[in-house]
Amino acid sequence: MILVCEDHDDLRRLIVAVLERAGLRAESVADGETALIAMHLEPPQLLVLDLMLPSKSGWDVRKEMLKSARLRRIPVIVATGVHARDLRVDELKVAQVMNKPLCGEDLVAAVRRHMLPEAS
């Protein structure tokens, strides 16, 4: 399962639809706090994470993930409107940073490249 954390409803639904059309199972949440709760309940194979979120920013979500032995291994693709060159990507320790607007084909390729195998 891929978890999508994006606060803009239309974009969140679009990302999930693109992933599902590609044959991937995706769930979504609208804020960072809910993302952390969801990941503790069922760790995803990959997290697509926006940085500008209500309740807990994507930066804070990633920092908390890195503190958790259970969550730190989950690959993260950051999807952001902030240009990658303006980010301190090395601090994020993520699999990939993608700029919005996202290209569906590129997103699916990145997800397939970085996601963990499904647990049995």
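Is Lys 56 buried or exposed? At 16% relative accessibility, Lys 56 counts as buried. Here buried means under 20% relative accessible area, exposed over 50%, and partly exposed in between, with a 1.4 Å probe and protein chains only.

A word on the source. This is a predicted model, in which local features need pLDDT of at least 70 and side-chain atom pairs count only at pLDDT 80 or more, while totals for chains, interfaces and linings use all residues. Residues are numbered from 1 along each chain as its sequence is written, and side-chain values use heavy atoms, with hydrogens and water left out.

Let me stay with Lys 56 and turn to salt bridges. The term denotes a side-chain nitrogen of Lys or Arg within 4 Å of a carboxyl oxygen of Asp or Glu. By this rule there are 8 salt bridges. Lys 56 takes part in one of them with Glu 64, where the closest N and O atoms are 2.8 Å apart. Glu 64 counts as partly exposed, because its relative accessibility is 33%.

Helices are DSSP runs of H or I of at least four residues, and strands are runs of E of at least two, both numbered from the N terminus. Asp 9 forms a salt bridge with Arg 12, with 2.6 Å between the closest N and O atoms. Asp 9 is partly exposed at 40% relative accessibility, whereas Arg 12, at 11%, is buried. Asp 10 and Arg 13 also meet through their side chains, at 2.9 Å from N to O. They too lie 3 residues apart in H1, and both Asp 10 and Arg 13 are exposed. Elsewhere, a network of salt bridges links Glu 6, Asp 50 and Lys 100.

I now move to the sheet. It is open, has 5 strands in the order S2-S1-S3-S4-S5, and its pairing is parallel. Two strands pair if DSSP finds at least two bridges between them. At the edges are S2 (26–29) and S5 (96–99), each of which pairs on one side only. On average, neighbouring strands are turned by 20 degrees against each other, direction ignored.

S1, residues 2–5, pairs with S2 over 4 bridges, and Val 4 has Ser 28 as its bridge partner in S2. Helix H2, residues 32–41, packs on the sheet and touches S1, S2 and S3 (46–49), its direction making about 165 degrees with that of S1. Such angles run from 0 to 180 degrees between N-to-C directions, the axes being lines fitted to C-alpha atoms, for helices over the stretch in contact.

Which residues of H2 are buried? They are Gly 32, Ala 35, Leu 36 and Met 39. These residues lie on the same side of H2, because they cover an arc of only 100 degrees around the axis, taken from the directions from the helix axis to the C-beta atoms. The buried residues of H2 pack against S1, S2, S3 and H3.

Finally, Arg 62 lies in H3, residues 58–67. Arg 62 counts as buried, at 5% relative accessibility. Neighbours within four places in sequence aside, its contacts (heavy atoms within 4.5 Å) include Arg 72, Ile 74 and Leu 92.
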